[in-house]
Amino acid sequence: MRDVFIDNKPVWVSSHAIKQAEYRNIAFPDQIFDVLKTGKIEWFGKNNLKIIKKSRNGSIVCVGVDNGGVIVIKTIERGN
């Protein structure tokens, strides 16, 4: 996958997130890369974030955590 940065921190996608994307019929890496580059970032809690992008089949939500030097996407789901 191409390099993606948020707040000058690299973004890593966990293997669990990739499995969830495949289970939910979300194209990896094409749609996920698009969400990470152009989606709306919502911070919640102390170090957690959601990256949301609307699509024809519902929103795609990438949920991650900021671990200091890197942002790790923990899971990928579909919203309304």
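Predicted model: local features only at pLDDT ≥ 70, side-chain atom pairs only at ≥ 80, totals over all residues.
Colleague: Which strand is Leu49 found in?

Modeller: Leu49 belongs to strand β4, which covers residues 48–53 and is joined by six bridges to β5, residues 60–66, with the two strands running antiparallel. One of the residues in this pairing is Asn48, whose bridge partner in β5 is Val65.

Colleague: And what is Leu49 in contact with, leaving aside its neighbours within four places in sequence?

Modeller: Leaving those neighbours aside, the contacts of Leu49 include Ile41, Glu42, Trp43 and Phe44, then Cys62, Val63, Gly64, Val65 and Asp66, and also Ile6 and Ile71.

Colleague: How far apart are Leu49 and Gly68?

Modeller: In sequence they are 19 residues apart, and in space their C-alpha atoms are 13 Å apart. Gly68 sits in the turn of the hairpin that β5 and β6 form, which has four residues between the strands, and Gly68 has a positive phi of about 90° there.

Colleague: How many bridges join β5 to β6?

Modeller: Seven bridges join them, and the two strands run antiparallel; as one example of who faces whom, Ile60 stands opposite Arg78 in β6.

Colleague: Let's zoom out, then: what is the order of the strands in the sheet?

Modeller: The sheet is open and has six strands, in the order β1-β2-β6-β5-β4-β3, and its pairing is mixed. β1 (5–6) and β3 (40–44) stand at the edges with a single partner strand each, so one side of each of them has no neighbour in the sheet.

Colleague: What packs on that sheet?

Modeller: Helix α1, residues 15–23, packs on the sheet and touches β2 (9–13) and β6 (71–78), with its direction making about 15° with that of β6. Helix α2, residues 30–38, lies across β2, β3, β4, β5 and β6, and runs at about 65° to β5.

Colleague: In which sense do β2 and β6 pair?

Modeller: They pair in the parallel sense over three bridges, and Trp12 has Val72 in β6 as its bridge partner. On the other hand, β1 and β2 run antiparallel and are joined by two bridges, with Phe5 having Pro10 in β2 as its bridge partner. β1 and β2 also form a hairpin with two residues between them, and Asp7 in that turn has a positive phi of about 55°.

Colleague: Changing topic, which residues have the most contacts inside the largest nonpolar core?

Modeller: That core has 18 residues, and those with the most contacts inside it are Val11, Ile32, Leu36, Ile51, Cys62, Ile73 and Ile76. At least two residues of this core come from each of β2, α1, α2, β4, β5 and β6, and the largest share, four residues, is supplied by α2. As general background, nonpolar side chains tend to be buried together in soluble globular proteins.

Colleague: How much of the protein is made up of buried residues?

Modeller: Buried residues make up 39% of the 80 residues. The protein exposes about 5100 Å², and carbon and sulfur atoms supply 47% of that area.

Colleague: What about Ser59, is that buried or exposed?

Modeller: Ser59 is buried as well, with a relative accessible area of 6%, and Ser59 lies in the loop between β4 and β5. Not counting residues up to four places away in sequence, Ser59 touches Ile52, Lys53 and Lys54, together with Glu77, Arg78, Gly79 and Asn80.

Colleague: Last topic: what pattern does the protein follow along the sequence?

Modeller: Read along the sequence, the pattern is β-β-α-α-β-β-β-β. The radius of gyration is 11 Å, close to the 12 Å that the globule rule gives for 80 residues, so the protein is as compact as a globular protein of that length. Along its principal axes, the C-alpha trace spans about 30 × 25 × 20 Å.

Colleague: What share of the contacts with a separation of 6 or more comes from residues 24 or more positions apart?

Modeller: Residues 24 or more positions apart account for 42% of those contacts in the protein.

Key. Residues numbered from 1 in each chain as written. Heavy atoms only, no water. Pairing = 2+ DSSP bridges. Contact = heavy atoms within 4.5 Å. Axes fitted to C-alpha atoms, helices over the stretch in contact; angles between N-to-C directions. Core = buried A, V, L, I, M, F, W, Y, C linked by side-chain atoms within 4.5 Å. Buried < 20%, exposed > 50% of the residue type's maximum accessible area, 1.4 Å probe, protein only. Rg over C-alpha atoms; globule rule 2.2 N^0.38 Å. Areas by Shrake-Rupley, 256 points an atom, 1.4 Å probe, with all protein chains shown as cover.
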